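Please read it alongside the sequence and the 3D view.

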Amino acid sequence: MSPEAGLYVHVPFCRALCPYCDFAVNVASEKRRSRYAELLLTEIALCWGGKFDTLYFGGGTPSLLPAPTLARIGEELSSRGWLSPDCRVFVEANPEDVNEDALVGFREARVSTLSLGIQSLDPESLLFFGRRHTRDEAARAVALAREAGFDTVSIDLIYGIPGETEARLRKDLEDAVALSPDHLSCYQLTVHENTVFGRHTRAGRLEEVSDEGQGSFFRLTHEVLESAGYEAYEVSNFARAPEHRSRHNQKYWRHQPYLGLGPSAHSFDGRARSWNERSFFAWERRLLEGKVPTAGKEELDDRDLLLETLMLRLRTREGVDLEEIATRFGVDLVESNRILIERSLEDGLLTRQGSFLRPTLDGLAVADGLARSFVLSPHQWQTARS
Amino acid sequence: MSSELVRNFCIIAHIDHGKSTLADRLIQKCGAVADREFRDQILDSMDIERERGITIKSNSVSLLYNAKDGKQYQLNLIDTPGHVDFSHEVRRSLMSCDGALILVDASQGVEAQTLANLYVAMEYNLTLLPVINKIDLPAADIDRIREEIDSDLGLDPFEAVPVSAKLGTGIDELLEAIVAKLPPPSGDQETPLKALIFDAQYDSYRGVVVLVRVKDGRIAPGQHIRLMHTDKEYEVEEVGLLQLKRVKTKELVAGTVGYVIANIKAIRDIAMGDTITDAERPASEPLPGYKEAKPVVFSSMYPISTDDYEDLAKALEKLALNDPAITYEKDSSSALGFGFRCGFLGLLHLDVVQERLEREYGLSLLLSAPSVRYRVTLETGEVLLVDNPSLYPDPSRISKAEEPFIKASIMMPERYLGPIMDLCRERRGEKSLFHYLAQGRVELTAELPLAEVLFDFYDRLKTLTQGYGSFDYELLDYRETKIAKVDILVNGEKVDALSQLVHEDKARTRAMHYCEKLAETIPRQQFRIAIQGAIGAKIIARTTINPFRKDVTAKCYGGDITRKRKLLEKQKEGKKRMKMVGAVEIPQAAFIAVLKSDES
């Protein structure tokens, strides 16, 4: 694995399940939580390892793990020589877990980026999300984190909830900006099937925001944050300066390799993607049997990789590097998509800068549609596959 | 068998009046088929015929009937199709008969097609025997029907035989009446051979099986024959009678209806209505009545999957072996790929051919808007026949355009006259005339452009008359008209498969209709899509499809990528069935919705 790989550790516990979340999490007992660290060390011992310059604790709620546990995992990885000297460590935390002691612990565990799951500063929205913190607690957590001296303090927000107005969203964003985080992740609410919101939607109790509304909220979010000096480097991610961009998450969008540990975590080696058992129970059982907890794997052919490249790169402001695609896949994307590209440039969805096709804000808003529209086929691929 | 003991007849009926059921009863009564082998509508051999209750290809059967006079008669029942599109087949069938049963529904009464075919039967001097069917129905009104037979058909109402083909009531009486009232065939067995070809079937082992009515002379295996119109010669291999199955005989003599097999390769090699004569001892002139079946409705057929083009070509070739009325030639569209420009006898014929291709050959097809054949005179004086919009000359070169007109005959209860006259006016009808038939029924005749009848005229008629109206037509002539070629543009690019030739007055409405249908069926994309209808450079209709304002998922990290790619993959898969016009994806469903829809 190349040196710029990322390491992801999934911490599958939460205090309670949020009504919108479809991640692999559960409300675990103290006992199970303490077993988790041992199991993770077992998984580390079993896997192929590598050299990583990012270590990301995501979840779930990683802040539920005591800081010394995080430190111990980090030390284990270090002692195996897996972490490069400038490795950045990321931790997701809930505001209610943030206090002086915890922050000192994170600092000792070499955490460089703290990502706070605020979701909103609007009391009504917080109620809707079923979060257990108040607006003031959230603000306090951000302030404490900033004082603690992390390289980057990031906050997560969710917008586009039913009944939200543009005025309310604008206020929420402005309040968030007032906390001066280095980084923001602003996600449009997605209603997933196997969630409380999914059930409400099916039962007709919850109505999703229309395409028009989503479009407006999306543009409003970008407008407010960009005018406050945050650069949207991805569909949902904003950074105050380039050094605050998420080094880890950028690996996903750049198709760089990553190794995932913990239940449901995904790994990618540049050609194949594999994923761990999703349930804690199955993941634990495999490890106790001394086996790698992989549940599935797919080999990607050139066409899959190209489609993913487009789909991921069009999410980023950096955009698609046509030269890179030509070298990597031997495809002249412009040749086979001349009309699409011309039309996208004309309609202001893309701009052309050197060998890059970069999405504009309007382009980011329909990135999936754009990715879908590209003809990928050198003709021979299609015939070879069929 | 002496020709005194032969009766050649057919059944003339409006669709749904029970012709095939009556044929079934006659066949059963004469024991031509064991009860356990019997199935309904036994003469309708195609599934479509049985399902739709219509007869498309006529079939014939020879029955042996032991009459009350103690003699055995050979009854040759020649089945006829029951729809206007197939009137050429009706004609041929009638020419081979000496008599006809005129079947009238005991509740519906005389309908337009019955009347139209009756006139044809009279042209050929057939003896007519009225039959009132469905007397078992509660709504049956035999007295009223007798009155209609008298006033509308001009036949003796008291000769009419009441039957219920469904229950078998009155069938004995009908068989006796056939023997007593219909004449035996005339004809001289000793004069040179004259046999009328009225139908043909294709047998993959024996080639073409020609159905003939021998008018004069005799025909037997080994004989050298000549087809007088096509001027081709063959040697007869086998002759015989059709008794549901082919039954070989030594010869066919004047007056008989039977089949001839003579090593003929394709139905295209023969012409319906042609006369067979003896090559060595030819007749001096052919029998009258040869008339070529000409297609009047044209449409381009494209396989939905372009890979199926070869299959479509093969299927059409095979289908044409059995149905020489179809014409086809290669055509291509930049939106839909390669296909065929096909000619049909009418809309039902088109429908039936499409259905047979889809059902019997497993093809999925897309058809362009049906068109009539226009006659265009250029400034140079050159005259072109144009049915394909893509071949329509530049308007500046045209000095005159003409379109085919029909004479439509519509019969209906009086109370629907107003709405139907409006319908005819709306369809550019001329010279509407009506006259009262028996008891509150009216016959309306009008001269209409055929093109106006192609678009849902029949459906509208049925709706407006609540199913009581019936319709028949014959082609009249070509009349001067103003045609416009309407193009449909998607984001400025012409979708050639949607171009059509329309009367100028209807151009805007038709174009608007197409634009709206497309706007309903083309999915939103990330671009604004402009849909326009145009005549030349002039835009006459316009709609737009607004782009998606948001089409991107909020999160896409490690585990989401595979899931997301698979979703995109699936959506891309759906696009394979889409046609790209400019950067716009048009799903097949949009073409289908537009091409199948009507104006109303």
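A crossing is left-handed if the near helix is turned anticlockwise from the far one by less than a right angle, and right-handed if clockwise.

## Basis

The model is predicted: local features need pLDDT of at least 70, side-chain atom pairs count only at pLDDT 80 or more, and totals for chains, interfaces and linings use all residues. Residues are numbered from 1 along each chain as its sequence is written, while chains are lettered from A and ligands numbered from 1 in the order in which they are written.

## Helix pair in chain A

The crossing of α1(A) and α2(A) is right-handed. Helix α1 (residues 30–46) and helix α2 (residues 67–79) of chain A pack at about 15 degrees, with axes 11 Å apart. They are therefore roughly parallel (angles under 35 degrees). Helices are DSSP runs of H or I with at least four residues, and strands are runs of E with at least two.

On α1(A), the residues A:A37, A:L40, A:L41 and A:I44 meet A:T69, A:R72, A:I73, A:E76 and A:L77 of α2(A); contact requires C-beta atoms, placed from the backbone, within 7 Å.

## Strand β17 in chain B

In strand β17 (residues 297–303) of chain B, 7 of 7 residues are buried (20 or more other C-beta atoms within 10 Å of the residue's own, with C-beta atoms placed from the backbone). B:V297, B:S299, B:M301 and B:P303 cover one side, with B:F298, B:S300 and B:Y302 on the other.

Antiparallel to β17(B), strand β19 (residues 337–344) of chain B is joined to it by 5 bridges. B:F344 of β19(B) stands opposite B:V297.

Terms used
Axes fitted to C-alpha atoms, helices over the stretch in contact; angles between N-to-C directions. Parallel < 35°, antiparallel > 145°, perpendicular 65-115°, else oblique. Contact = placed C-beta atoms within 7 Å. Buried ≥ 20, exposed ≤ 12 C-beta atoms within 10 Å, placed from the backbone. Pairing = 2+ DSSP bridges.
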